[in-house]
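Open the model in your viewer and keep the sequence panel beside it. The tour below goes from one selection to the next and says what is there.

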Amino acid sequence: MHINELASHLDSWAVDLGFQQIGIADTDLSEYAPDFRAWLEKRFQGDMGYMARNVSKRTDPSKLVPGTVRVLSARMDYLPATRGDVLNSPDKAYISNYALGRDYHKTVRSRLRALAKQIEFHAGGQYRAFTDSAPVLEKPLAAKAGIGWVGKNTLVLNETAGSWFFLGEIFTNIPLPVNTEVKEDKCGACKACINVCPTGAIIGPKQLDARRCISYLTIEHKGVIDKELRESIGNRIFGCDDCQLVCPWNRFAHASEEPDFVPRQGLDAPTLIGLLAWTQADFLARTEGMALRRINYSQWVRNLAIASGNAQATPGLIRAVKKKLTESRRTSDALSSEHLEWAIQKLNSA
Ligand code: SF4
Ligand code: SF4
């Protein structure tokens with residue numbers, strides 16, 4: 001099949017595999033690389049040391065996979081169909097929308113591989129699929145592929161779909177025709193994400209100090225969370241969606257129909273007391289196959305402790321936190337113990 005003909009089939013093949021959009025970019029990231037390097041120089045990546053490694057591969061796809069001349073960027077929506085107001089329910093814990101179902105890495109990567117095989121069958125060539133698993137500058141590539149623009153909250157925004165989507169990439173050595181890059185930034189004068197951020201992590205348009213971001217603190221950061229930041233975390237125990245919830249472009253977002261992303265284990269509105277009752281074995285069994293497994297059990301308890309310390313002091317919650325503290329001391333889990341002690345102090349002084 002000629003490559004121009006192939007490109008015309010791509011959309012329907014991608015849709016058949018559960019993607020909502022696909023675009024094609026060339027590999028020239030020279031316009032975006034300086035901003036990424038400047039972000040690293042400010043050390044905004046915090047403990048995410050992997051971001052500072054393989055910078056030349058990240059800013060040049062042909063260095064990551066030799067021979068690459070095009071990157072296919074695909075969008076898969078994940079917004080759950082319904083969700084109660086968990087953020088304003090002090091007895092509940094909030095988990096980011098993207099983490100409520102099956103681990104997206106598994107779903108997106110397997111679909112990308114299936115798509116790559118289909119393209120290879122019709123046109124030959126070589127293909128490598130990535131989703132958040134290799135040094136890939138995925139947001140600029142998505143902009144170049146016509147998926148959307150990078151908003152002030154640093155996420156890719158699409159004018160008919162908002163920002164509730166995963167991105168995945170296929171690198172190829174076939175010179176497919178490229179899509180038109182989204183150059184226009186349609187955030188305009190809006191600053192809603194900057195103003196709403198609970199920890200002031202968006203220090204300016206497209207400038208994220210990850211060290212203050214709740215997503216980073218509750219997931220990427222393995223150690224003690226600064227006391228100064230704990231109250232701002234509220235009841236968010238895995239990630240944070242505030243800068244997406246407030247974004248006006250998300251009025252246009254569509255609920256995902258992907259069965260893999262249907263919330264599991266009632267984790268779209270769990271109670272703090274219920275989650276505190278989970279043992280380590282429960283945590284491992286109930287989060288199997290989910291992105292929640294990016295954190296370990298100590299981080300899970302640490303995050304629950306912070307949310308509990310920020311909750312309303314009820315006898316049931318205080319009992320549950322104390323019981324967890326006994327467990328964490330018995331297992332010499334210093335990280336959990338320190339945060340649970342903080343929570344008990346906060347609850348007792350409320
Ligand atoms: S995810 Fe939350 S903490 Fe991080 S930048 Fe967005 S609003 Fe701020
Ligand atoms: S909230 Fe406003 S400024 Fe922030 S990403 Fe959305 S449109 Fe852009």
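A crossing of two helices is called left-handed if the near helix is turned anticlockwise from the far one by less than a right angle, and right-handed if it is turned clockwise. Helices (H or I, at least four residues) and strands (E, at least two) are DSSP runs, numbered from the N terminus.

Before selecting anything, note that this is a predicted model, in which local features need pLDDT of at least 70, side-chain atom pairs count only at pLDDT 80 or more, and totals for chains, interfaces and linings use all residues. Residues are numbered from 1 along each chain as its sequence is written, while chains are lettered from A and ligands numbered from 1 in the order in which they are written.

**Stop 1: the helices α15 and α16**

Axes are lines fitted to C-alpha atoms, for helices over the stretch in contact, and angles run from 0 to 180 degrees between N-to-C directions. Angles under 35 degrees count as roughly parallel, over 145 as roughly antiparallel, 65 to 115 as roughly perpendicular and the rest as oblique. The crossing of α15 and α16 is left-handed.

Which residues of α15 and α16 make the contact? From α15, they include Leu317, Ile318, Val321 and Leu325; from α16, they include Leu340, Ala343, Ile344 and Leu347. Two residues are in contact if their C-beta atoms, placed from the backbone, lie within 7 Å. By class, this contact has 8 nonpolar, 3 polar and 4 charged residues. Ala, Val, Leu, Ile, Met, Phe, Trp, Tyr, Cys and Pro count as nonpolar, Asp, Glu, Lys and Arg as charged, and the others, Gly among them, as polar.

**Stop 2: α14 against α16**

Keep α16 (residues 334-349) and select α14 (residues 297-309): the two helices pack at an angle of about 10°, with their axes 8 Å apart. α14 is therefore roughly parallel to α16. Among the contact residues are Val301, Ala305 and Ile306 of α14 and Leu335, His339 and Trp342 of α16. This contact has 8 nonpolar, 5 polar and 2 charged residues.

**Stop 3: the two domains**

Colour domain 1 (3-81 + 100-172) and domain 2 (192-349) separately. These bounds come from an automatic or database domain assignment. The centres of the two domains, taken over C-alpha atoms, are 28 Å apart.

**Stop 4: α1 and α6**

Select α1 (residues 3-16) with α6: the axes come within 11 Å and cross at roughly 155°. The crossing of α1 and α6 is right-handed. Trp13 of α1 and Leu115 of α6 are among the contact residues.

**Stop 5: the ligands**

Select ligand 1, which 13 residues surround, the closest being Cys197, Cys213, Cys240, Asp242 and Cys243. A residue counts as near a molecule if its C-beta atom, placed from the backbone, lies within 6 Å of it. α9 (214-220) and α11 (242-245) each give two or more residues to this shell.

Move to ligand 2, where the closest of 13 surrounding residues are Gly151, Cys187, Cys190, Cys193 and Cys247. Domain 1 and domain 2 each give at least three residues to this shell.
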